[in-house]
Amino acid sequence: MKLPALKTMAKVPDQINRRDFLKSGGAAVTLTLAPGITVMAFGGEASAAANPATRWGLLIDVNKCAKDCDACVTGCSVENGWKMGGNPETDAQWIRKVDLTNKQTGREVSMPMMCQHCEEPPCVDVCPTGASFKRADGIVLVDKHTCIGCRYCMMACPFKARSFIHEDLEDQKSYAPRGKGTVESCTLCVHRVDEGGIPACVEACDATGHGAMMFGDLKDPTSDIAIALASYASVGLRDDLRLNTGVRYSNL
Amino acid sequence: MARTVYQEVTPTPAIWMIAILMGAFVAAAGVSVLYIEHNGHIVTGMNNQIVWGLPHVFAIFLIVAASGALNVASIASVFGKIENKPMARYSGLLSIALLLGGLAVLVLDLGRPDRLIIAMTQYNFKSIFAWNMLLYNGFFVIVGTYIYVQMARGMSEKVIKIVGTAAFVWRLALTTGTGSIFGWLVARSGYDAAIMAPMFIVMSFSFGLAFFILVLGSTFPLTGRFLGDNLIKRLGRLLGVFAAAVLYFTAIRHLSNLYATEHHDFERFILMGDTIFTPLFWIGQVLIGGLIPVAMLLRKAEKTTKMQVMIASILIVIGGFAQLYGIVIGGQAFPLEIFPGYDVTSAFYDGTINSYTPTIYELALGLGGVALAVLVAGVGVVALRILPMTLCDEEIDPTAPDF
Amino acid sequence: MITRLATILVLSGLLGAGLFGGAATAQEHSALLPVVPKATGEAHPEGNAFMRINHMKLLRHDRDDTMRNGNRDIDYSLKECVACHVQTGADALPIPINSEGQFCSACHEFAAVKIDCFQCHNTRPELNETQALLSRPLPDAAALSAYLDEVTE
């Protein structure tokens with residue numbers, strides 16, 4: 001989109017503003033040699049924006065997940081401001097605990113389910129306006145500015161990960177805007193990840209001491225998650241659909 | 001063959017009564033939409049499990065019937081059946097009216113109907129939904145042109161045939177798109193089948209023609225114009241073939257599912273479950289919407305009456321709603337198979353058969369769409385020279401065999 | 001398009017009236033023109049006239065950058081608009097910025113331009129941002145007693 005009016009704004013202050021400064025390469029060291037002479041050294045991590053060299057993902061160890069624990073669900077709910085009220089059929093659920101019993105062997109497991117952040121997300125394919133999209137770093141989001149509330153993504157999602165907002169909302173979190181008539185789902189706590197943090201569910205799980213959830217960059221071979229994935233067997237849900245989910249489960 | 005004379009319909013008190021009734025339905029739908037939009041979809045029966053409900057059943061029925069209502073015109077212009085020609089304008093008008101009614105329902109059920117402009121300006125071309133927006137809008141343009149070239153003075157038959165063929169191809173594409181909305185949903189057991197697209201085309205032939213026959217059969221007596229028995233019977237026989245074809249496609253769809261073990265649970269759910277969908281399938285779709293009307297329409301022709309064709313058309317429309325309810329709601333009521341081989345429970349209805357109870361607002365919205373279609377068609381015949389003065393058999397085609 | 005045209009018309013009307021031009025005195029304010037509450041933070045370096053015409057473009061541009069590209073280091077965010085322009089009530093709590101007479105609605109209602117922001121976005125700063133508001137000067141004694149009267153009633 002053209003922003004003709006911006007041209008008139010060209011009177012940028014003489015000093016480099018914070019944004020341009022950070023854009024030029026993230027962490028930097030500034031050294032003042034003498035009044036008026038400044039040397040800046042750039043290095044470290046690149047810009048905080050979604051980076052295509054990164055793919056954020058989760059590894060969930062089903063054996064470590066306790067059946068009666070829902071700390072991840074509570075953690076997400078508090079962080080992102082969604083609540084399960086009196087209408088379970090229409091209330092949003094970004095993350096839920098599912099209890100599974102193997103029909104053949106009788107083994108019982110419990111695990112959290114959320115948006116699986118597919119590499120080939122069906123919700124993105126079907127969205128007519130492109131509101132459902134995948135960031136360069138693999139996080140699948142809904143752009144609520146262009147979501148028309150058709151719910152086709154909810155029909156297409158194999159994981160039942162999305163919720164439609166059925167009622168007026170108030171007091172949303174400033175970093176997690178959500179409103180009536182649009183679709184939403186787990187954002188992988190994108191507001192935390194962009195600041196270098198980890199998702200609230202992982203943090204909550206760690207706090208219980210279960211340590212069933214691991215967050216990290218799947219593309220970085222030195223990350224804990226990549227090392228764990230390379231060492232132990234794990235599965236993605238509905239692997240038969242070849243969606244290459246960003247959330248994987250071990251010991252399922 | 002005598003020259004067909006088309007004339008605007010002069011509204012009679014009966015026509016005014018119908019118009020007022022339809023207007024009341026449209027108004028009720030409008031109030032429902034405002035109510036739903038103000039309160040959110042919480043006031044509907046739809047939820048996070050059944051995301052598409054009764055409005056979508058109505059909308060899809062109307063959209064499918066819209067492309068089918070064009071049949072009569074296509075048969076005349078594309079396949080050269082001269083006896084259908086006097087009805088071609090009406091066929092085109094009705095298809096536009098039905099599509100308008102269906103789209104109105106679809107659009108007004110959106111979570112954010114105020115953002116329609118986004119849907120019309122930003123397209124994700126991998127989405128069949130986005131393609132459908134283009135197909136629907138294009139349908140209005142092409143069928144509108146088709147009606148125009150038929151009505152314009154001195155337009156050559158060749159032009160009519162070219163535009164008619166374009167409209168025919170377009171409507172096939174349109175219904176393919178509608179069927180693919182479901183056919184391309186890979187994750188759900190009830191959908192994910194390529195047969196959806198051709199099945200929707202055959203459904204459109206059947207529902208659209210049934211709707212056309214019903215409207216034709218009721219409009220003519222209202223306007224005091226004559227409608228030949230043979231004409232209705234001939235359309236009825238064609239309808240019988242279409243209804244039988246729908247049964248055939250339905251059978252193939254379920255037989256294919258029954259062959260693959262992974263789909264057995266879904267088939268058990270539809271064919272022999274204890275939910276509404278089982279009687280809806282066997283009694284609603286197969287018996288009322290299939291076997292009975294097919295038997296009525298395809299038995300010995302001399303025994304069929306005009307009234308029987310009308311009744312069979314009503315049955316096919318009822319069966320069509322039952323079928324679409326089974327496809328749209330039934331497909332969602334069956335739980336997603338996320339964990340094959342496991343029994344699943346959760347606080348989010350995993351592994352459970354989902355229930356859906358539509359509210360009065362959804363019904364009002366859906367019926368409003370039907371009423372809008374009738375209203376638009378009515379305004380069309382009153383304002384334009386759409387309906388021929390007579391459709392008695394001798395006028396249309398004296399050489400046609402007498403049943 | 002119509003929205004934009006209306007905005008331009010209204011804004012040029014406002015500027016013509018000299019309401020924000022700085023030349024006008026308080027006496028010249030027409031009762032018909034909106035009274036826009038003052039913000040708490042520093043003024044925009046681009047100037048109020050520029051912001052009045054371009055705030056929606058700036059917001060839209062930066063929101064897409066944040067939303068789609070994950071760029072959090074932006075100059076214009078709705079969150080900051082709200083944090084700086086929100087007013088506090090007599091109870092020292094922020095008043096929703098889209099309620100009558102508040103920063104967003106004062107002008108938007110006058111210009112008859114409907115905004116869609118607050119169906120999803122919070123109309124008040126969050127609690128940690130509210131802390132900053134508490135450092136603002138307290139309401140004067142008269143307003144305070146009026147509030148207390150209202151509460152006790």
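The legends below accompany close-up views of a predicted model.

View 1. Asn48(B), Tyr342(B) and Phe348(B) supply 16% of the area that chain B buries against chain A, which is more than any other three residues give.

**View 2. Polar contacts and salt bridges between chain B and chain A.** Between these chains there are 36 residue pairs in polar contact, counting pairs with both residues at pLDDT 80 or more, and the count of salt bridges is 3. In one salt bridge Asp350(B) pairs with Arg96(A), where the closest N and O atoms are 2.5 Å apart.

**View 3. The interface of chain C and chain A.** Here 29 residues of chain C are in contact with 36 residues of chain A, and the area buried between the two chains is about 2800 Å², of which carbon and sulfur atoms give 50%. Across this interface there are 10 residue pairs in polar contact, again with both residues at pLDDT 80 or more, together with 3 salt bridges. A salt bridge joins the side chains of Arg72(C) and Asp194(A), with an N to O distance of 2.8 Å. Helix H2 (residues 48-69) of chain C gives the most to the side of chain C that touches chain A, contributing 14 residues. The residues on that side of chain C divide into 6 nonpolar, 9 polar and 14 charged.

**View 4. A nonpolar patch on the surface of chain B.** Leu21(B), Phe25(B), Ile360(B), Leu363(B) and Leu367(B) form this patch, and together they have about 420 Å² of accessible area. Two helices of chain B, H1 (13-39) and H13 (360-383), each supply at least two of the patch residues, and H13(B) gives the most, with 3 residues. Leu363(B), one of the patch residues, has its place in helix H13 of chain B.

**View 5. A salt bridge within chain A, between Lys67(A) and Glu108(A).** A search of the whole structure finds 22 salt bridges over all chains, and among them is the pair formed by the side chains of Lys67(A) and Glu108(A), at 3.8 Å from N to O. Lys67(A) lies in the loop between strand E3 (56-61) and helix H2 (71-80) of chain A, whereas Glu108(A) lies in strand E5 (residues 108-114) of chain A, so the pair ties together parts that are 41 residues apart in sequence.

Key
Residues numbered from 1 in each chain as written. Chains lettered and ligands numbered in written order. Predicted model: local features only at pLDDT ≥ 70, side-chain atom pairs only at ≥ 80, totals over all residues. Heavy atoms only, no water. Contact = heavy atoms within 4.5 Å. Buried area = accessible area lost by both parts, 1.4 Å probe. Salt bridge = Lys/Arg side-chain N within 4 Å of Asp/Glu carboxyl O. Polar contact = N/O pair within 3.5 Å; in protein donor to acceptor, adjacent residues only side chain to side chain. Helix = DSSP H or I, 4+ residues; strand = E, 2+ residues; numbered from the N terminus. Nonpolar A, V, L, I, M, F, W, Y, C, P; charged D, E, K, R; others polar. Patch = residues over 30% accessible without salt bridge, like charges linked within 9 Å, V, L, I, M, F, W, Y side chains within 5 Å. Areas by Shrake-Rupley, 256 points an atom, 1.4 Å probe, with all protein chains shown as cover.
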